[in-house]
Every structure is written in C-alpha cells, then in structure tokens.
Amino acid sequence: MSAVPTTSPGTDGPGAHGPGAHGSGARTVVFVHGLWLSSASWRAWRTRFEAAGHTTLAPEWPGMDAPLPELRERSRSGDRTDGTGLTQVVDAYARAVSALPQQPILIGHSFGGLVVQLLLDRGLGSAGVAISPASIAGVNRIPLSTLRSGWAVLRSPANRHRTVALTRSQWHYAFANTLTRAQSDELWEQHWAPTPGLPLWQAATAALSRHPANAVDLANRERPPLLVHANGADHTVPASLSRATHAAQSRTGAPTEIHEFPGRPHLSALVDGWEDVADDALEWALRFPVRPGTPPGSDDAGSRQPGDGLPRLLQS
C-alpha cells in the first residue's frame with residue numbers, strides 16, 4: 001500500500017513545511033467518526049498516537065454518548081426517533097475544540113471528514129485530515145455506488161427523523177468490499193452503530209437547498225490546511241469524489257493536498273494496513289505549526305447557521 005501525494009497549485013507544499021519542521025512537540029488530535037460508526041472505531045489510532053506522546057480525543061456525535069450495546073438495543077427496540085442534523089454535529093465538535101488551550105489536529109472519516117472540513121471553515125483546528133469525506137456543497141455528483149451505499153437511509157424520507165442501522169450485507173458493500181464476507185461480518189459485529197439519517201439526507205439534497213448544511217466558503221484563504229485521503233476501492237466515496245472535494249477546496253488558495261491509497265475500501269482506517277494510513281495522516285499534519293486556542297466568547301465556540309460567511313453567490 002502506498003499513498004500518492006498531490007499538492008494543490010499555489011498552496012504551501014513540503015518545501016514550506018517539511019516533515020518534522022513543526023512535529024517535535026506533543027500535540028492534541030481530535031477524531032471525528034462518521035455514519036454507522038462510533039468513537040470506538042478510532043481506538044487503535046488513539047493508542048498508536050498516544051504511544052508517540054500525543055493526546056487524543058474522540059467525542060461522540062450528539063445523542064450517541066452511550067455504550068454501543070445500548071445504542072444498538074435502542075434501535076432494535078424501536079426507539080429510533082432522532083432529528084440530529086449536520087449543523088448540530090458540527091456545533092458539538094466546535095464546542096469541544098474551542099475548549100482546548102491549543103487548536104488540535106482534526107482527523108475525520110466519511111461524514112466525520114465532512115465535519116472536519118466544516119470545522120476548518122470556521123477557523124478551528126491547526127490542520128485537518130478528511131478520509132474518504134462526504135461531499136461539501138458544490139460537489140453534487142452522486143455515483144451509483146454511493147447511492148447504493150446510502151440507500152438504507154435514502155430509500156425513505158421518514159429516515160430524516162430517525163436512526164438507521166446497516167445490515168451485514170449493506171456494511172460489506174459500503175464499508176468493507178475488499179474483504180471476505182466473514183472478515184467484513186467480524187468488523188460489523190465490532191463496530192456498527194445506528195446513526196441519524198438526517199445528515200445524509202442533507203448532503204444528498206444540498207443542491208436543492210438555499211443554505212446547505214454542508215457548505216463551506218471556497219474563498220476562505222485563512223482556512224487551516226486540509227489533507228484529503230482518497231481510497232481507490234471505496235464504494236461509498238469513490239476516489240473520484242475525493243478528488244472532486246480536493247479540487248473544490250483548492251479554490252480557497254489555502255494549503256490543500258490529496259493522498260491516494262490504491263485498493264483500499266471505505267473502512268480504510270480499520271482494515272489491514274491502517275497503520276500506514278494513520279502514520280501518513282499524522283506525519284502530514286505535524287508539518288503545520290500549533291495555533292492558539294479559540295478565545296472565550298468567540299463566535300466559533302457557539303452555533304453557526306449553514307451559509308454564514310459564504311459568498312452571496314453560494315447562498316443563492
């Protein structure tokens with residue numbers, strides 16, 4: 001497994017922030033999970049980073065701050081009402097990040113990768129890594145494999161207001177298609193979590209909204225550095241979508257890079273070889289300096305409505 005790095009034209013590259021230039025001190029890393037996962041999915045990454053001297057945090061999404069068996073039992077018992085939307089998730093992570101004395105490194109997977117981009121757009125984080133990220137507004141193409149991966153939610157508008165689970169078969173297609181069914185089922189047993197359907201609906205229908213919840217300011221040159229991880233065998237977020245996200249974010253003029261991992265599935269952070277993926281993310285992020293924390297009372301510490309600060313053209 002090897003990553004193929006790309007640096008956007010006009011942005012800072014390795015010459016400006018060489019490996020190790022700012023990586024000597026211990027840092028704080030905040031992990032953001034995506035749909036159908038919980039913070040437990042980051043356990044191995046946290047252990048690896050903490051062994052290297054870093055501090056890690058992995059907050060749960062709103063409404064998911066309970067043991068995984070309890071979340072599953074709620075879903076099975078019919079207690080599935082959940083209207084948690086993308087902005088609520090981002091606001092919760094913004095409050096957690098703003099409480100830290102220094103801006104952390106942000107690492108997110110799938111919808112967690114979208115959350116990372118929205119946090120960076122608010123000026124939070126020293127650098128962010130988005131692994132197979134859900135699309136920002138403006139990246140509106142939905143490949144058939146992406147539609148199939150999200151069909152458990154998108155098949156019914158009622159799922160906008162409730163949690164949705166994935167079957168073993170759906171998980172295998174969407175998350176672990178490069179593994180055998182038995183290997184995929186083992187990961188499903190360990191990690192699947194029922195999660196709210198509204199964020200996926202918001203992203204899928206962003207092109208129809210005047211103020212999409214997944215919008216970022218593509219003229220924001222002050223946005224902290226962003227690395228996109230693209231996975232070559234990903235059904236949920238094909239590498240072409242990750243490339244489109246990278247291309248859109250490059251328009252900001254802020255440091256933006258993409259590293260491609262051939263042959264890896266959507267669940268790249270958990271399947272064999274995850275150590276190389278983790279090391280690539282951390283080594284890249286450590287190239288950028290620590291930034292001071294958010295001052296108390298800053299707007300970033302509170303809620304923000306979709307579309308705030310965006311160019312008028314993007315809000316129309």
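Tutor: Setting aside residues within four places in sequence, Ser38 is in contact with His33, Glu60, Met64, Leu68, His191 and Ala193. You'll find Ser38 in the loop between E2 and H1. Ser38 counts as buried because its relative accessibility is 4%, and the cut-off for buried is under 20%. Keep in mind that this is a predicted model.

Trp36 belongs to that loop too, which runs between strand E2 (28–32) and helix H1 (43–51). Trp36 has a relative accessible area of 6%, so Trp36 is buried. Its backbone deserves a glance as well: phi of Trp36 is near 65 degrees, a positive value in a residue other than glycine.

A positive phi turns up again at Ser110, where the angle is near 60 degrees, and here too the residue is something other than glycine. Ser110 sits in the loop between strand E5 (105–109) and H4. With a relative accessible area of 8%, Ser110 is buried.

Helix H4 (residues 111–121) packs with helix H3 (residues 86–98) at an angle of about 65 degrees, their axes 10 Å apart. The crossing of the two, H3 and H4, is right-handed. On the H3 side, the contact is made by Leu86, Val89, Val90, Tyr93 and Ala94, while H4 brings Phe111, Leu114, Val115, Leu118 and Leu119. Sort the residues of this H3 and H4 contact by type and you get 10 nonpolar, no polar and no charged.

Now for a histidine in a strand. His229 is found in strand E9 (residues 226–231). Its relative accessibility is 0%, so His229 counts as buried. The side chain of His229 does have a polar partner: it makes a polar contact with the side chain of Asp280, at 2.8 Å. Leaving out neighbours within four places in sequence, the residues in contact with His229 include Val129, Ala130, Ile131, Ser132 and Pro133, and also Ser242, His259, Phe261, Val277, Asp280 and Ala281.

One more loop to visit is the one between strand E6 (127–131) and helix H5 (144–149), where Pro143 lies. At 12% relative accessibility, Pro143 counts as buried. If you don't count residues up to four places away in sequence, Pro143 touches Pro238 and Leu241. Pro143 and Thr236 are 93 residues apart along the chain, yet their C-alpha atoms are separated by 8.8 Å.

Finally, zoom out to the whole protein. There are 12 helices and 11 strands in it. Of its 316 residues, 56% count as buried. Take the contacts between residues at least 6 apart in sequence, and 78% of them join residues at least 24 apart.

How values were computed:
Residues numbered from 1 in each chain as written. Predicted model: local features only at pLDDT ≥ 70, side-chain atom pairs only at ≥ 80, totals over all residues. Heavy atoms only, no water. Axes fitted to C-alpha atoms, helices over the stretch in contact; angles between N-to-C directions. Helix = DSSP H or I, 4+ residues; strand = E, 2+ residues; numbered from the N terminus. Left-handed = near helix turned anticlockwise from the far one by under 90°. Contact = heavy atoms within 4.5 Å. Nonpolar A, V, L, I, M, F, W, Y, C, P; charged D, E, K, R; others polar. Buried < 20%, exposed > 50% of the residue type's maximum accessible area, 1.4 Å probe, protein only. Polar contact = N/O pair within 3.5 Å; in protein donor to acceptor, adjacent residues only side chain to side chain.
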